[in-house]
Amino acid sequence: MRLRNVRGASKIIEQSDYIIKNYKDLKGNYKSIFNNNNPIHIEIGMGKGNFIIGMALKYPDINFIGIEKYDSVIVRAIEKLDIEIPNLKLIRMDALEIEEVFNKEIDTIYLNFSDPWPKNRHEHRRLTSEAFLKRYDNVFKGSKHIVMKTDNRKLFEYSIISLTDYGYKIKNISLDMYNDDIKDNVQTEYEKKFHDKGMPIYKIEVFK
Ligand SMILES: C[S@@+](CC[C@H](N)C(=O)[O-])C[C@H]1O[C@@H](n2cnc3c(N)ncnc32)[C@H](O)[C@@H]1O
């Protein structure tokens, strides 16, 4: 989802109080930006922000940080934020850098409709590849908790194998979320698009 040439995006990002600019300086000390000891959950690849904003509003006692690689996408989330949400922050960065940003302070990672990178030679770019699971190890505070939703069956199958090979245990799994119990679901932009087309949404929640 790369929107090109959003006019003034970098200026809007620079001026937003939601954006953490010195994100590497805060490594190990993220609770200081929220001024509390509440759990911190992150979404990698937050896109235009519907999920992370919805979660922050729904769960005020959890701190949320949305991570997105592209200015042109994260700016769309900032544009939605015309109210103050104290438990929400955003970082414009590539998740490849995640070990340089967090140190033993994250409770949950959400991966929603992540890019599937279908070619074998791009496997290391998938956010559930062993390469990324290794990066997440030092990011988590204690027990590790990942929640993933996707429309992509191949990525889902790959992720089940990758996560369980890496030692994660499955807590919940659904092959068709909207036909199962989804009472606490917060929809993402991609989820809405695929669900509206009648496609099944896959979900897995794992811990270690
Ligand atoms: C298919 S979109 C899904 C967006 C949103 N999570 C949703 O469900 O609507 C994937 C998003 O992940 C972002 N992304 C992909 N790889 C990333 C990475 N390595 N670091 C940060 N963001 C990434 C992309 O820029 C894109 O906005």
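Guide: What follows is a walk around strand 4 and the strands beside it. This is a predicted model, in which local features need pLDDT of at least 70 and side-chain atom pairs count only at pLDDT 80 or more, while totals for chains, interfaces and linings use all residues. Residues are numbered from 1 along each chain as its sequence is written, and side-chain values use heavy atoms, with hydrogens and water left out.

Helices (H or I, at least four residues) and strands (E, at least two) are DSSP runs, numbered from the N terminus. Strand 4 covers residues 108–112, and because five of its five residues are buried, it is largely enclosed by the rest of the structure; buried means under 20% relative accessible area, exposed over 50%, and partly exposed in between, with a 1.4 Å probe and protein chains only. Thr108, Tyr110 and Asn112 point one way from this strand, whereas Ile109 and Leu111 point the other way.

Two strands pair if DSSP finds at least two bridges between them. Strand 1 (residues 40–44) runs parallel to strand 4 and is joined to it by four bridges, with Glu43 opposite Tyr110. Strand 5 (residues 145–150) is also parallel to strand 4, again through four bridges; here Tyr110 stands opposite Val147, and Asn112 has Lys149 as its bridge partner.

Strand 5 is itself mostly covered, as six of its six residues are buried, and it pairs with strand 7 (residues 202–207) in the antiparallel sense over six bridges, where Thr150 stands opposite Tyr202.
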